[in-house]
Amino acid sequence: MKVTRRTIFKFTLAGAALMSGPWPQLPEAAEELKMPGDVPEEKFDFETKGVEGWSTVDGQWTVEEMAGAPSGKKVLVQRATRNEFNVIVAPAGPFTDVDVSMKFKPLSGRQDASGGIVFRFNDGKYYVVRANALEDNFRLYYYDRGRSQLATARVKAPALGQWHTVRVVALGDHIQAWLDGKLYLDHHDRRYRSGRVGLWTKADSVTAFDDLTIRGVAAGG
């Protein structure tokens with residue numbers, strides 16, 4: 001084949017298109033993970049109880065009244081803006097397999113405006129799945145003295161000032177995660193086997209949370 005400037009230009013464009021193409025997508029045939037029907041459920045809507053019994057790892061977590069709360073009038077808000085990560089852990093558990101969902105409303109943040117679910121939290125190590133109103137991605141990480149990405153998907157960034165839903169199911173080493181009812185992440189990792197459940201923000205995110213629901217198999221049960 002005769003190589004011309006036009007040929008090189010076409011190859012360059014093709015390479016650029018490949019590099020900027022869509023991120024790896026979840027296979028359409030991915031089967032939804034399901035917990036056994038007899039696993040008990042615990043709900044936290046912050047309407048009648050505060051965060052007594054919860055463990056604050058970092059952050060400023062307060063129960064506040066908020067118009068338009070998904071349940072009742074009160075929600076949990078994280079307001080610290082100078083920490084790397086903010087984590088609070090619910091009193092339930094520890095669990096092995098879990099099905100966890102929560103609603104979050106990103107209120108503000110210039111560096112970050114995120115909300116996430118922590119699961120299998122044990123001795124400061126955990127998994128977290130999070131969405132960020134400033135980014136078009138939905139990600140799963142593990143944390144062990146630092147955060148490392150395990151899986152990512154491209155999404156429409158969840159809007160600031162609106163309520164969104166995150167759900168994660170972890171059965172053994174199989175982890176799936178949903179944003180606003182759509183399954184985006186399907187990943188295997190056997191790093192952590194059990195632990196408690198919590199909520200998460202990053203950097204200067206000011207975020208409200210409500211309707212945390214946990215279905216979990218008790219560790220050692």
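R130 touches S114, G115, G116, E135, N137, F138, R139, Y141, R147 and W200, leaving out residues up to four places away in sequence; a touch, or contact, means heavy atoms within 4.5 Å. The model is predicted, so local features need pLDDT of at least 70 and side-chain atom pairs pLDDT 80 or more, while totals for chains, interfaces and linings use all residues. Numbering runs from 1 along each chain as its sequence is written, and side-chain values rest on heavy atoms, without hydrogens and water.

R130 is found in strand β8 (residues 125–132), strands being DSSP runs of E, at least two residues long, numbered from the N terminus. With a relative accessible area of 2%, R130 is buried (under 20%, 1.4 Å probe, protein chains only). Its side chain makes polar contacts with the side chains of E135 (3.1 Å) and N137 (2.9 Å). Such a contact is a pair of N or O atoms within 3.5 Å, one able to donate a hydrogen and the other to accept it; residues adjacent in sequence count only if both atoms are side-chain atoms.

Turning to the nonpolar cores, these are sets of buried Ala, Val, Leu, Ile, Met, Phe, Trp, Tyr and Cys residues joined through side-chain atoms within 4.5 Å. The largest has 39 residues, of which V129, F138, L140, L185, L199 and L212 touch the most other members. Strand β6 (residues 95–108) gives the largest share of this core, 5 residues. A second, separate core of 10 residues includes V87, V89, V118 and W200. Beyond its neighbours within four places in sequence, L212 is in contact with residues including E42, W54, V100 and L199.

Conventions. Helix = DSSP H or I, 4+ residues; strand = E, 2+ residues; numbered from the N terminus. Buried < 20%, exposed > 50% of the residue type's maximum accessible area, 1.4 Å probe, protein only.
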